[in-house]
Amino acid sequence: MLEVNGLVKRYGDQEALKNISFSLAGGEVVGLLGPNGAGKSTTIKCIVGLLRKNSGDILIGGYDHQSIEAKKIFSYIPETPHVYDLLTVQEHLQFVSQAYYVTDWQLKAERYLELYDLIDKKDKLGRDLSKGMRQKVSICCALICDPQLLFFDEPMIGLDPKAIKHTKMLFKELKEDGKTILVSTHMIDSVESLADRVMIMKDGNIVGNDTVPNLKANSDASLEDLFLEMTSDSDE
Ligand SMILES: Nc1ncnc2c1ncn2[C@@H]1O[C@H](COP(=O)(O)OP(=O)(O)OP(=O)(O)O)[C@@H](O)[C@H]1O
């Protein structure tokens with residue numbers, strides 16, 4: 001479903017991604033972990049085409065990631081949600097649905113709006129939404145087009161406990177439906193319970209890429225301890 005080969009991204013002189021390669025099979029849920037500045041958001045932004053890569057190949061569903069065919073397959077939930085100031089919550093869902101030719105969007109919209117306590121906010125304009133509400137709208141817009149592949153960049157940030165609970169539930173549902181998910185997060189516990197595999201980044205490299213049981217093999221350490229060990233600087 002996703003193939004990343006030799007991805008390099010530089011910001012000026014700084015090499016934020018140092019030739020990384022990985023793939024996601026269809027139906028896999030993969031957690032992307034790493035300390036602040038490790039390169040998680042840069043990786044996701046390069047894949048979804050928001051940042052121009054310096055080199056490397058990225059294929060989504062076998063298509064170049066910049067192609068329309070690839071863009072039909074995935075949704076992206078950014079770290080910082082962007083909404084349209086002058087569209088209401090309901091209009092966001094209608095707009096995305098029409099762009100993606102979703103026919104039964106009203107029913108789906110109702111379900112997601114209800115799940116995220118947005119029913120009574122559906123006529124509120126984007127510019128009047130709180131950060132958490134914007135994040136909820138962003139998630140609802142991504143889900144309504146029923147993508148095969150989803151990229152979540154720290155989806156829980158800004159959400160209230162109820163929304164976090166429902167988002168975890170949605171992850172389970174998406175996994176059961178065979179969706180492929182790459183989720184960047186600092187919530188190690190959630191990754192441990194939901195992800196088939198974990199990729200750990202440090203300084204623009206992938207320093208760990210395996211299932212949680214394999215990463216833990218021959219060790220009594222928790223995933224959190226392993227993460228801290230793999231991402232520590234040797235002089236610490
Ligand atoms: N627009 C930018 N211009 C210059 N450098 C950038 C830019 N965006 C990110 N970087 C740098 O690239 C590196 C990777 O940043 P990135 O945002 O991908 O990390 P991250 O793993 O997502 O971090 P966090 O957990 O804090 O969100 C960091 O050193 C960061 O300072």
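**View 1. Asp-153 faces Ser-184 of strand 8.** Heads up: this is a predicted model, where local features need pLDDT of at least 70, side-chain atom pairs count only at pLDDT 80 or more, and totals for chains, interfaces and linings use all residues. Residues are numbered from 1 along each chain as its sequence is written. Strand 7 (residues 149–153) runs parallel to strand 8, with five bridges joining the two. Strands here are DSSP runs of E with at least two residues, helices are runs of H or I with at least four, and both are numbered from the N terminus. Two strands count as paired if DSSP finds at least two bridges between them. Strand 3 (residues 29–33) also pairs with strand 8 in the parallel sense, over four bridges. In that pairing Leu-32 sits opposite Ser-184, and Val-30 sits opposite Leu-182.

**View 2. Strand 8 (residues 180–184) is largely enclosed by the rest of the structure, because five of its five residues are buried.** A residue is buried if 20 or more other C-beta atoms lie within 10 Å of its own, exposed if 12 or fewer, and partly exposed in between, with C-beta atoms placed from the backbone.

**View 3. Six strands make an open sheet in the order 6-7-8-3-9-10, with mixed pairing.** Strand 6 (74–77) and strand 10 (205–210) are at the edges with a single partner strand each, so one side of each has no neighbour in the sheet. From one strand to the next, the twist averages 15°. Helix 5 (residues 131–144) packs on this sheet and touches strand 6 and strand 7, its direction making about 175° with that of strand 6. Contact means that the C-beta atoms of two residues, placed from the backbone, lie within 7 Å. Axes are lines fitted to C-alpha atoms, for helices over the stretch in contact, and angles run from 0 to 180 degrees between N-to-C directions.

**View 4. Another open sheet has four strands in the order 2-1-4-5, paired antiparallel.** Its edge strands are strand 2 and strand 5 (63–64), each pairing on one side only. Strand 1 (residues 2–11) and strand 4 (residues 55–60) are antiparallel partners over five bridges; there, Glu-3 stands opposite Leu-59. Helix 1 packs on the sheet, touching strand 1, strand 2 and strand 4, and its direction makes about 65° with that of strand 2.

**View 5. Helix 1 is mostly covered, with eight of its nine residues buried.** The buried ones are Lys-40, Ser-41, Thr-42, Thr-43, Ile-44, Cys-46, Ile-47 and Val-48. Just past the helix, Gly-49 adopts a positive phi of about 90°.

**View 6. The ligand has a shell made of Tyr-11, Gln-14, Ala-16, Gly-34, Asn-36, Gly-37, Ala-38, Gly-39, Lys-40, Ser-41 and Thr-42.** Residues join the shell if their C-beta atom, placed from the backbone, lies within 6 Å of the molecule. Strand 2 (14–24) and helix 1 (40–48) are the elements that give two or more residues, and helix 1 gives the most, with three. By class, the shell has three nonpolar, seven polar and one charged residues. Nonpolar means Ala, Val, Leu, Ile, Met, Phe, Trp, Tyr, Cys and Pro; charged means Asp, Glu, Lys and Arg; the others, Gly among them, are polar.
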